[in-house]
Amino acid sequence: MQRPAAPIQTSPWSRSPGSNGGGAFRHQGPFTRQHPGDTSGPYSSQVSNAPFTGTSARTAARQQSHAGAVIAIILVMVLVLASGMAVQNVQTGMANYHAQFTGLQQSASPSESRSASTNSWNLSAEQTCANLSSAIASLEGWADSDGTTAPAELTTLNNDQSACAGDLSHLSSADLDAISNHTIDALLAWNDDMVEFYRYRSASITYRIDGKWPGDPKELEALLDTSGWSDDPTYAVQQAAKLKSGNDAVLAKIADVVADLHNREAKIAGIQADDRASEQEIWAAIDTITNEMGVTYSFEPLSVCGGGGGGNNPSTVAFFCQDGTLDYRNKIMFNTGYVLWDLGARGDPWMLDAAKHELAHRSISIACGTARPKIAGARYEAVTNAYAYQFMGVNRQRNEEHQSGLEEYAAGDAEMAIAQKIHDGTCS
């Protein structure tokens, strides 16, 4: 199978452009028990194109007396151990995804030094301090690349705020000019970080919210334009407040999408197929969980994902594509090149676990903008299993038996903790 917010962990105001529970539970799903040999009845339209036909073949664990199934399960283990992988991750990243804000490519980088403003302004103390308060409100959450340290410009504003407390008559014209210039400098530096955030992440954000921005991206792009900010401190803080509002709407949309995702995960965690389930029941369960998650599934060759397909690996059961477009955002695939469909695999309840694993890849990609978040490192497959165990009700014992010897999928305490962090909104 393939290894395919909550607020996002990375602050949209980070100074670095590169910075980007509950335990498992299960109960018997609502599937009517059939006679062990009865696999009759029409498949759903989704499985009607499955690359297999006929009645269910039983594995050794499901029907000990079935000699053919015994051979099948032995063959499964031989192929899995020989290939070193039971499932194949197919992900080519966001490289081919065009950024929403193409006009931002020429914007200033926060790494570029900016000369401090030294203009003189004819503003009252009240207006100057009101601008300062508005600016600080817009910069809420702004942090350096470590995510905790306040940028120097924001520290300066906070110091200025103490000067604006109480009686303002003590502030000289030089003091007021300095506060106004500090306000402009901080807003321009913050805007640089905002530009970098959207330059590097606009494609990821679009992917995460399924392409449905809460407003016209062009409006947000226009707000990122700082023309005139250096000419009028009051105009600068007004535009910054609008930009903060527009950005908050984007982040709120992401939070709504992730919250809905988690609600759906909790629902499918209770959909199970035990070792007595018929093939019909197993695929009915897969229909149920994919419908609940709002995705479709199909039967495709690994090459459908492009360059990351890794050939037509016969040990790959299912996979998830993240190729930087929305084409596969809501879809999981079962590998048409998997050689064991007719040797018991199609009727094995592990198919439900495989589907949930792929859905876990999708959930992580929505939560973090990538199926391979920085926090998971090279252990992203094991972390995906851990996520599926904790939040999607994957049968851990059964899955670990099928993936015995595949270290990259083995989820230990560390991977379980990382999966919990991803679920809580931490991606790096």
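I began with helices and strands, which are DSSP runs numbered from the N terminus: helices are H or I with at least four residues, strands are E with at least two. I also noted that the expected span of a helix is 1.5 Å times one less than its number of residues.

**Entry 1: model.** I worked on a predicted model, in which local features need pLDDT of at least 70 and side-chain atom pairs count only at pLDDT 80 or more, while totals for chains, interfaces and linings use all residues. Residues are numbered from 1 along each chain as its sequence is written, and side-chain values use heavy atoms, with hydrogens and water left out.

**Entry 2: helix α6.** I looked up α6, residues 233-268, and found 36 residues. From its first C-alpha to its last, α6 reaches 53 Å, close to the 52 Å expected. At the start of α6, I found a side-chain oxygen of D232 within 2.9 Å of the backbone nitrogen of T234.

**Entry 3: aromatic pairs.** I took rings of Phe, Tyr and Trp (its six-membered ring) as paired if their centres lie within 6.5 Å; planes under 30 degrees apart count as stacked, over 60 as edge-to-face and the rest as tilted. The count by this rule is 13 aromatic pairs. W283 and Y297 have ring centres 6.0 Å apart and planes at 45°, so I recorded the pair as tilted. W283 lies in helix α7 (residues 279-293) and Y297 in strand β2 (residues 296-300), so this pair ties together parts that are 14 residues apart in sequence.

Are these two residues buried or exposed? Buried means under 20% relative accessible area, exposed over 50%, and partly exposed in between (1.4 Å probe, protein chains only). W283 is buried at 1%, and Y297 is buried at 4%.

I then turned to F299 and W341, whose ring centres are 6.2 Å apart with planes at 70°, so the pair is edge-to-face. F299 lies in β2 and W341 in the loop between β5 (331-335) and α8 (350-368), so the pair ties together parts that are 42 residues apart in sequence. Both F299 and W341 are buried. One aromatic cluster is formed by W283, Y297, F299, F334, Y338 and W341.

**Entry 4: strand β2.** Strands pair if DSSP finds at least two bridges between them; I found 5 bridges joining β2 to β5, which run parallel. F299 stands opposite F334 in β5. In β2, 4 of the 5 residues are buried, so the strand is largely enclosed by the rest of the structure.

**Entry 5: D210.** I found D210 in the loop between α4 (173-208) and α5 (217-223). D210 has a positive phi of about 60° although it is not a glycine, and at 23% relative accessibility D210 is partly exposed.

Notes. A polar contact is a pair of N or O atoms within 3.5 Å; within protein, one must be able to donate a hydrogen and the other to accept it, and residues adjacent in sequence count only if both atoms are side-chain atoms.
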